[in-house]
Every structure is written in C-alpha cells, then in structure tokens.
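Work through the exercises below with the sequence and the 3D structure at hand. Each task is followed by a solution in steps.

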Amino acid sequence: MNDRRQPASAAGPIPPEARDANLALWNRWTRAHEKSDFYDVQGFKAGATSLLPLELEELGPYVREGTTLLHLQCHFGLDTLSWARRGAEVVGLDFSDEAIALARRLAEETGLSGRAEFVCADLYDADAHLDGRLFDVVFVSWGAIEWLPDLERWAGIVARHLQPGGTFYMAEIHPFAYALEEGPGEQDVQITYRLLPAPDRPDVEPVEGSYADPDADTSGLVSYGWQHSLAEIVGTLVGAGLRLEHLHEFPTSPAPFWSWMIRDEQRWWWLPDGKGGRRRDLPFSYSLRASKPADDGAPGEAAPAGGAGPADEKA
Ligand SMILES: C[S@@+](CC[C@H](N)C(=O)[O-])C[C@H]1O[C@@H](n2cnc3c(N)ncnc32)[C@H](O)[C@@H]1O
C-alpha cells in the first residue's frame, strides 16, 4: 500500500491528469505540513488534540471507548489519532502515500497503532479497500470534498460504511467561502468564483504555498478542485439514505484564506470588519451531522447510549 506509483483509479471519476497533479501536491504539502506550526506535530506528540472545540463538542459525545470510526481523507492522521486517543478504534483513508506513511509513523510513536489503521487508497476506491467493513461513525473534515468531482459516489461510500444507526459527521469549508477572492479595497472580499457545482469543469490553479505554510515550496504544482453547493452536499447524503440531524453555519474558518484574517483563541480565523472587530455576516464553514436509519427504519440514535447528547443544538 505504500507503493508510490499507484495507478490512477480505474473506475473513478477523477481524470488521471487531475489525480496525478493532486497526488503530487498532497505529497509535497505533507512534507511541509509535518514541520508547520499550523499542524503542531510536536504538540500532538506531547498529548494535545488536533481536533477543534467544535468537533469535540458536536461529535465528541458520539465517540467513546471502542467506537469504530472511519476517517475519510485523513491527511497524515492527526485528527484520526486524536479520536483514537479518546478511545475510538479508527481507520484513516487517504490517497497520499507520504501522508499515510507519516500517519503510521505517528501512530507508532504515540503508542496508538493498536487502535489505528491507515489505508492508502483513492476515496473512490474505498469500497475495495474497506471490504464491507461498517463503522459506528464516519468522519470527514476541512478541505476534503473540494478534491472530489462526484459527491453522489462519495455519499454512497459514506452510507455503505456506516452501521445501521451510525453517525456521519462532517465539518467543512463553506461553499460560499470558496467563491470569494480578495476585493480591490483593503481587507475586503468579493464573489468571483462559481457557487454551483460543475463536475466536468474543475478549477485548475497553480499552487502558491499552503494553507498551513504560506512559504512551502510548491513550484511547478497545480491543483484541480471542484466547487460544491450546500444543496448538492445535503442532497447527495439524503439521497444515499442518511437522515440530516443538524446543519450549522459559522462565520469562521479553521485556516486563513488571506494573511489579514484574524485568529482567535479557539484557532478560528475571522474576516476583520474594518472597525477593529470581526465580520459575522458571511459563512466560512459549516458542520453537518446525519444518521443512518437502523435496520427497523427507526432514526439513528439521537444521543449515544451512555453518553451525553451534544451540548449545543442550533438547528
Ligand atoms: C485538507 S486535507 C483534509 C484535512 C484534514 N482534516 C486535516 O487537516 O488534517 C484533504 C485530504 O484529502 C486527500 N485527498 C485528496 N484527493 C483524494 C482522493 N481522490 N482520494 C483520497 N484522498 C484524497 C489529500 O491527500 C488530503 O490529505
């Protein structure tokens, strides 16, 4: 599974040139991210969680000792291993061989390899690699689905690997934020990019640095990304048989879009309002929880047995 010459996914919807470009990018970014302050690998090794308070608050009550958790597009596994530290039996999947190799090393170094498994595979090949395994929780976070052209297939994978009664949770960058660019004024934004999906028209961009390290060497690298809409995201999950439990929107991002955004003590990045405060009128992220109905058709557990319900239900 660590073969660096992975063939392009034979049946997958990602064009081979897009997949090759994104794989080269994520391998290069992994090297930069391991050393970045943003990911703070030393802090993680010393015991800190990489999960944001939002994720701990909203998904934490569903993850307890022995919960099985599948993390799709896990990067180099810090979040996956942070759930393992809370007692979960985790599987992380990502197509970057360098990220998966680092995740396995970190699992060994932190004594978590007994409860953490990492699979190197394209998202669209997940079924073949997971071999019918079902999980209590499927988890997706921050900057994952923009690399995928076909959300219907993605949602099918999520639903097929959830136990009946299981929980899907994702925390992601808001589609609206991807449509923005810096405006002509000082510290201002304008809508420039598409807001509706176009699976056959990826955004192809030269890469400059990384969200985690603006100075990362990315010379010669290009990214292929796909815009998705909230209706598409929710619609594909519901279409795959999941029941929406919450959808929350936030004016904050877990990473800066522009250097002039402001970071708070909870590691959120805000747009400044130009008057010394923070803008609260534009969505930069969202979180979503959905359940897979139990075999008898009953809704998934609203609150996990033996655990507290989520503290703050907003929608
Ligand atoms: C921004 S990261 C996910 C963020 C993660 N929550 C974190 O910050 O650690 C996106 C991940 O998607 C992975 N990825 C992109 N395209 C993929 C594909 N086709 N199949 C599997 N993984 C993919 C990349 O390798 C990368 O690790």
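**Exercise 1: Helix H1**

Task: list the buried residues of H1 and state what they pack against.

Step 1. The buried residues of H1 are Ala 18, Arg 19, Asn 22, Trp 26, Arg 28, Trp 29, Thr 30 and His 33. A residue is buried if 20 or more other C-beta atoms, placed from the backbone, lie within 10 Å of its own; it is exposed if there are 12 or fewer, and partly exposed in between. Helices (H or I, at least four residues) and strands (E, at least two) are DSSP runs, numbered from the N terminus.

Step 2. These buried residues pack against H5 and strand E9 (222-225). Contact between two residues requires their C-beta atoms, placed from the backbone, to lie within 7 Å.

The model is predicted: local features need pLDDT of at least 70, side-chain atom pairs count only at pLDDT 80 or more, and totals for chains, interfaces and linings use all residues. Residues are numbered from 1 along each chain as its sequence is written.

**Exercise 2: H1 against H5**

Task: describe how H1 and H5 pack.

Step 1. The angle between H1 and helix H5 (residues 97-109) is about 35°, and their axes are 7 Å apart. Axes are lines fitted to C-alpha atoms, for helices over the stretch in contact, and angles run from 0 to 180 degrees between N-to-C directions.

Step 2. From H1, Trp 26, Asn 27, Thr 30, Arg 31 and Glu 34 meet Asp 97, Glu 98, Ala 99 and Leu 102 of H5.

Step 3. By class, this contact of H1 with H5 has three nonpolar, two polar and four charged residues. Ala, Val, Leu, Ile, Met, Phe, Trp, Tyr, Cys and Pro count as nonpolar, Asp, Glu, Lys and Arg as charged, and the others, Gly among them, as polar.

**Exercise 3: The ligand shell**

Task: which residues come nearest to the ligand?

Step 1. Of the 18 residues around the ligand, the nearest are Trp 26, Gln 73, His 75, Phe 95 and Gly 143. A residue counts as near if its C-beta atom, placed from the backbone, lies within 6 Å of the molecule.

Step 2. Helix H1 (16-34) and helix H4 (78-85) are the elements that give two or more residues to this shell.

Step 3. The shell has nine nonpolar, six polar and three charged residues.
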